[in-house]
Amino acid sequence: MPVDQQVLNAKIDEVVQGDTELRTMLLEKFAKNDNAAVAFVGGFMRNADYTQGKQSIAGEKKKYE
C-alpha cells in the first residue's frame, strides 16, 4: 500500500532539517521503494501513537490522584 505523499514529505522535512541534499536522496529512495517509505512513515506514526497513549494514561491517573 503506497504512503500518502503529503505525510511522507512532512516527515522527511522534519528529519532533514533543511538539508536539501538529504531530502532529495530520501525522496528518490522512497519513490523507488514503497516498503521503505511505509516503514519510515510507520515509525513516526507508532511514536506519535505511543506518546498520545502515554499522555492519555497520565491524564487519567492525574484525575484519580
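1. Helix axes here are lines fitted to C-alpha atoms over the stretch in contact, and angles run from 0 to 180 degrees between N-to-C directions. The model is a predicted one. In it, the axes of α1 and α2 cross at roughly 145 degrees and come within 10 Å. The crossing is right-handed.

2. On the α1 side, the contact is formed by Gln5, Leu8, Asn9, Ile12, Asp13 and Val16. Helix α2 contributes Leu22, Arg23, Leu26, Leu27 and Phe30. By class, the residues of this α1 contact with α2 are seven nonpolar, two polar and two charged.

3. One aromatic pair turns up in a search of the whole structure. The ring centres of Phe30 and Phe40 are 4.9 Å apart and the planes stand at 35 degrees, so the pair is classed as tilted. Because Phe30 belongs to helix α2 (residues 20-32) and Phe40 to helix α3 (residues 34-64), the pair ties together parts that are 10 residues apart in sequence. Both Phe30 and Phe40 are buried.

4. The largest nonpolar core has 10 residues: Val3, Leu8, Ile12, Val16, Leu26, Phe30, Ala36, Ala37, Phe40 and Val41. At least two residues of this core come from each of α1 (5-16), α2 and α3. Helix α3 supplies the largest share, four residues. In soluble globular proteins, nonpolar side chains tend to be buried together.

5. Ala37 is a member of that core. With neighbours within four places in sequence left aside, Ala37 is in contact with Val3, Leu8 and Phe30. Of these, Phe30 is also one of the two rings in the aromatic pair, and Leu8 is among the α1 residues that make the contact with α2.

Notes:
Residues are numbered from 1 along each chain as its sequence is written. This is a predicted model: local features need pLDDT of at least 70, side-chain atom pairs count only at pLDDT 80 or more; totals for chains, interfaces and linings use all residues. Side-chain values use heavy atoms; hydrogens and water are left out. Rings of Phe, Tyr and Trp (its six-membered ring) pair if their centres lie within 6.5 Å; planes under 30 degrees apart count as stacked, over 60 as edge-to-face and the rest as tilted. Buried means under 20% relative accessible area, exposed over 50%, partly exposed in between (1.4 Å probe, protein chains only). A nonpolar core is a set of buried Ala, Val, Leu, Ile, Met, Phe, Trp, Tyr and Cys residues joined through side-chain atoms within 4.5 Å. Contact means heavy atoms within 4.5 Å. A crossing is left-handed if the near helix is turned anticlockwise from the far one by less than a right angle, and right-handed if clockwise. Ala, Val, Leu, Ile, Met, Phe, Trp, Tyr, Cys and Pro count as nonpolar, Asp, Glu, Lys and Arg as charged, and the others, Gly among them, as polar.
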